[in-house]
Amino acid sequence: MNSTVPPILEVQGLSKRFDMTQALRDVSLQLHPGEIHALVGENGAGKSTLIKILTGIQGADEGEMRLAGNPVRLANSQEAQAQGVAAIYQEPMVFPDLDVAENIFISHRNRGAWVRWGKMYEDAEKILSDLGMNLDVRAPASGLTLASQQAVEIAKAISLNVKVLIMDEPTASLSNHEVEQLFKVARKLQQENVAVLFISHRLDEVFEIADRITVLRDGQHISTRPVAEVTRESLIQEMVGREVDQFYASRQARQRGKRLLSVRNLGREATFSGIQFDLHEGEVLGFAGLVGSRRTDVGLALFGIQPADSGTIELEGQTVTLTNPRIAQKLGLAYMTEDRRKLGLAMPLSITSNITLPALGRYLAGLGFIRTDQERQTAEEYKSRLQIKAPTLAHEVGKLSGGNQQKVMFSKWLNTQPKVFILDEPTRGIDVGAKAEVHAMVRELAEQGMAILCISSDLPEVLAMSDRILVMREGRQMGIVDGATATQESVMSLAMGESREAA
Amino acid sequence: MNALQGLRPEKLRELVLLLLIVAVLVFFSSMIENYLNARLFNRVSASVALMAVLAIGQTMVVLTRNIDLSVGSIVGFTAYFVGQQLSQNNEMHPVLAIVMAVGVGALMGGINGVLVAYCRIPSIIVTLGTMALYRTLLVEYSDAQTVLTVNLPRWLLNLPSLNVFSIDRLHLRVMVLGMIAVVVLFQILLRYTSFGRKLYAIGSNPEAARMAGFANQRIVLSAFLLCGALAGLTGFMFLARFGNITVVAGIGFELKSVAAVVVGGVNIFGGSGSVVGAFLGAALIDLLENSLIRWLQISEFWRDALLGLLILTSVATDSVIMKRFQGYWARKQAQAVPETQER
Amino acid sequence: MNVWKHLRSWEGFLGLVLLLTIAINAFNSDAFLSIDNQINLFSLSIEKVIIALIMAFIIINAEIDLSVASMMGLSACALGWLVDSGVGMPMALALCLIIGMAGGLFNGFWITFMKLPSLVVTLAMLIGFRGLARVLVEDRSIRVFPKWFEDLGQHPILGPFPLAVLIFFLLLLVAVGVLRFTGFGRYVYVIGINQDMARYSGIHVTRVKLILFTASGIISALAGILFAARLGSVRGDMGLGFELDIITMVLLGGVSIFGGSGSIFGVILSILIVLYLRNGMSLSNITGHLQTGVIGMLLIFSAMVPNLKSYWESLQARSS
């Protein structure tokens, strides 16, 4: 785009090595003022390492970096900020106990040793209103939504007179509407001649916002092209290095079995209300909605982690009260979390220990001793069935790739032999290949008669996998649509609450 | 609700503490005859002066998500050390004595700080260790001798009863004035300087503080340094107040200071709380102790048992209140979000 | 292969240090290696060693119990006070264990149901239990126990072993078995690694924690009883500051202060190191106070163990 203008940020021949892995190999990149530059690549392609080097958090082993033509070495992120390079992250780095204004200004060096609260509040209000954002500058950050926290981060970057703004997967946890807001801000920055480096897994967004796209693979620079010269297929091909003819296998009509789960008017105070649906054997019920629509909370309520406080749940015709995960598990429910690292797996433990954990009771002999041979046998089974790639079963789960960790998590819950399996974002943060495997597995489980409740923010995924789709908005059920006839647009319009609201 | 909205959680907490102190005064004055008199004020203010200074030091450390259990030993050591120096050299200038106390305390706090910030050892472990270590230092250094009142210079012994002014029999002592100065100074430090705000930031989200490029290690070290310095000052006040210093001086002060801080509403997980809160916490504890023992006619031995319970209940009510408050904020935000989205 | 790997682990390093302390002690005193001296050495610290076993469970569970030594003092003082007030010995012993259980449950209640950090709760009870002990005996020293009770504490009952040492062996066996081979032990580790994840996996986190803190209370009370029997009298300051030694033993043994890792084997090695160190220092006429200082230093050092451990292991990995 602006290739006639000299680049504001330029890196050449960057390399970085961590112990065994070459994270970056001879990577070069140019950012021009006023361009939105997308950076894409599979997990482990080296995107985060590149960002860390650009923002001074890590140093490169080789290569050089130039800002407005002058060579620089950034020792830390504060130096990077001083030079006009700032980053916002998927999970905003706010200080929950401090208020909005202070969050914006606390990392400023030039405001002196004394805090002038009045002036700070004024300045914060001005920056936020310039960006078209409406936030109480005196509110503590702990109460803000994720999107608002990101707004604070952006305001912080702008207050630093940023010339290069790096957005590291900023949209991963935002609703569509919030993404649009974010894009508006990004375009505004673009007009002010800021260079924006935008990292995302969502290709639709990349095509919507970017001027140029750079692909990284295995720590190497593959290509940088104007968006007009790139297609979805060519991009995916460059990312994975192979042809992907069809991303989502088509959904096949399935036989619906007998009714397993029947939920009526389910609610939890200040969280969600009025949820009702039936779930049958062999059926996949998708849960769609924007972030903040409280889908995960329904999942947590059904598994008894955050019990519902109104409504009824019937399982195979019996009314049940699910007040903790142990009861839910005993009754044949399983819930696979969206947050593998924090809630899903015991990272330092072996594959075997992780797989048998929820059903450990089955492996106990007298006096509570564990029958390790049976444990190992179970783990063997799942390893070959789900094709978990690991040297041994004693391998630490934390050292596996994201996709393989996901498979271990699947095994862990399949081993409890659930009748109803609740999947929360089953393909989050795993690469394209592993994604396809997960989809195939869900299909297979449904064919075997398991009832599956699939919460996903990936709309094409929900549409491809579900027999029916329940759409939520801000804790309320907006409707259930048939998976065969639903379109992205029809689901989205429900999720945004634009139709049927009166009904 | 509108009045509540304007209040930051810290202010709210300080207000509640003030109300509690008033409630305690009202309650006991109806239970104990001749309770509210000048003697009560003089006695409580004299002992609060010590504990409040120590609690403010503890506040610095707790704000950064740490804890300092060695302050009792630091108080003991500095009290003894300065006492001994003064006994040997009666001519020493008062300012020099105070500087010496603060300096020795700062040094000990600095050692804690280096171990916590640079060697990355949890503060509870470090200071549990240095609590024993500094006490050992005192025992070895003192060789089981006692600092005696008779050997101390006159000005020091007169210090506790030195008045700034008196209204009737109500005396404002110099040491109490010193404590008030410390409260004001550190309140300004924490609220209006960028260093103070960084203490909050680090306790609130250490990771974000690191990303923002704060010198986390140096700031945590400074917090321990200040805590040690204030413990040293407390040691000096201890010496002035009691005169006779043995090897057990200051034992148990670490827990009392933690109690004052926690009761004063400083979050034990860091990031929130205030100097004024810690001061009010110290005052409330002292007042309660004083009054309960007079009222129930119970033995001194009950003091510790009650103190333990008081810490527990105040932490518990605090966490309940904070949950409520956060729930309130979250609901307010939930209502605000759709509005901003329509724009 | 496996044996070799173990040898180069942190436990291997501790083994080396242990051999060193044994060598130095044996060099200084001929009597050091005799069975009598070994048992005597053990008996002198048996209360701490017994509590270290349950403390290992609690720290692996990513919690801490600072109130153990105060509970020990409380149980001992309660025993003295009860017997002094005319309660029969069996009844008094049972009541002491019940006090331990109640105290442990009390800690557990605040930690699990009120969701307060164990550090704060047990710090408060470190003061609280000690305060109660002082309320019971004030500043007296009570010496009222029947002769059989003191004999039990002071003389061998089976071969050369006194009762307390036998109890320790029994508890050691139980601790190793439970932590390493049972489902409960697995839960202790998993909760220590990640409590939320454990809850999401259907583990009864509350129950595990309650059991641990209750066990800690009971075992501390038991240690208090054994302490009273060994000394033959009780005072309000019994066991004051013991938590320092106990936590040092556990951390030095390679149990991470952040939970989720460590073994009883490592703890045993570090217990021996600490005991031999103290013994060596006593033989070299180093005062008790200075010894405490050394232990304090050792505690700080042992908290660096996770760092040192990974450094040591990376060093080994590089050389192989």
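A residue is called buried if 20 or more other C-beta atoms lie within 10 Å of its own, exposed if 12 or fewer do, and partly exposed in between, with C-beta atoms placed from the backbone. By this criterion, buried residues make up 48% of the 343 residues in chain B. The structure is a predicted model, in which local features need pLDDT of at least 70, side-chain atom pairs count only at pLDDT 80 or more, and totals for chains, interfaces and linings use all residues. Residues are numbered from 1 along each chain as its sequence is written, while chains are lettered from A and ligands numbered from 1 in the order in which they are written.

**Chain B**

Chain B contains 14 helices and two strands; helices (H or I, at least four residues) and strands (E, at least two) are DSSP runs numbered from the N terminus. Its C-alpha atoms fill a box of roughly 80 × 55 × 35 Å along the principal axes. Two residues are in contact if their C-beta atoms, placed from the backbone, lie within 7 Å. Of the contacts in chain B between residues at least 6 apart in sequence, 79% join residues at least 24 apart.

In strand β3 (residues 36-40) of chain A, five of the five residues are buried. Ile36(A), Ala38(A) and Val40(A) point one way from β3(A), whereas His37(A) and Leu39(A) point the other way. Strand β17 (residues 420-424) of chain A is likewise mostly covered, with five of its five residues buried. From β17(A), Val420(A), Ile422(A) and Asp424(A) point one way and Phe421(A) and Leu423(A) the other. In a regular strand the side chains alternate between the two faces of the sheet.

The table lists the pairings of these strands; two strands pair if DSSP finds at least two bridges between them.

| Strands | Sense | Bridges |
|---|---|---|
| β3(A) and β8(A) (residues 195-199) | parallel | four bridges |
| β3(A) and β9(A) (residues 212-217) | parallel | four bridges |
| β16(A) (residues 333-336) and β17(A) | parallel | four bridges |
| β17(A) and β18(A) (residues 451-455) | parallel | five bridges |

Within these pairings, Ile36(A) has Val196(A) of β8(A) as its bridge partner, and Ala38(A) stands opposite Ile213(A) in β9(A). Tyr335(A) is bridged to Ile422(A) in β17(A), and Asp424(A) to Ile455(A) in β18(A).

**Gly368 of chain A**

Gly368(A) lies in the loop between α12 (351-356) and α13 (372-385) of chain A. With 17 other C-beta atoms within 10 Å, Gly368(A) is partly exposed. Not counting residues up to four places away in sequence, Gly368(A) touches Thr182(C), Gly183(C) and Phe184(C).

**A helix pair in chain C**

Helix α4 (residues 46-60) and helix α12 (residues 205-231) of chain C pack at an angle of about 175°, with their axes 9 Å apart. This makes α4(C) roughly antiparallel to α12(C), a term for angles over 145 degrees, where under 35 is roughly parallel, 65 to 115 roughly perpendicular and the rest oblique. Axes are lines fitted to C-alpha atoms, for helices over the stretch in contact, and angles run from 0 to 180 degrees between N-to-C directions. Residues making the contact include Ile50(C), Ile54(C) and Phe57(C) of α4(C) and Leu212(C), Ile219(C) and Phe227(C) of α12(C).
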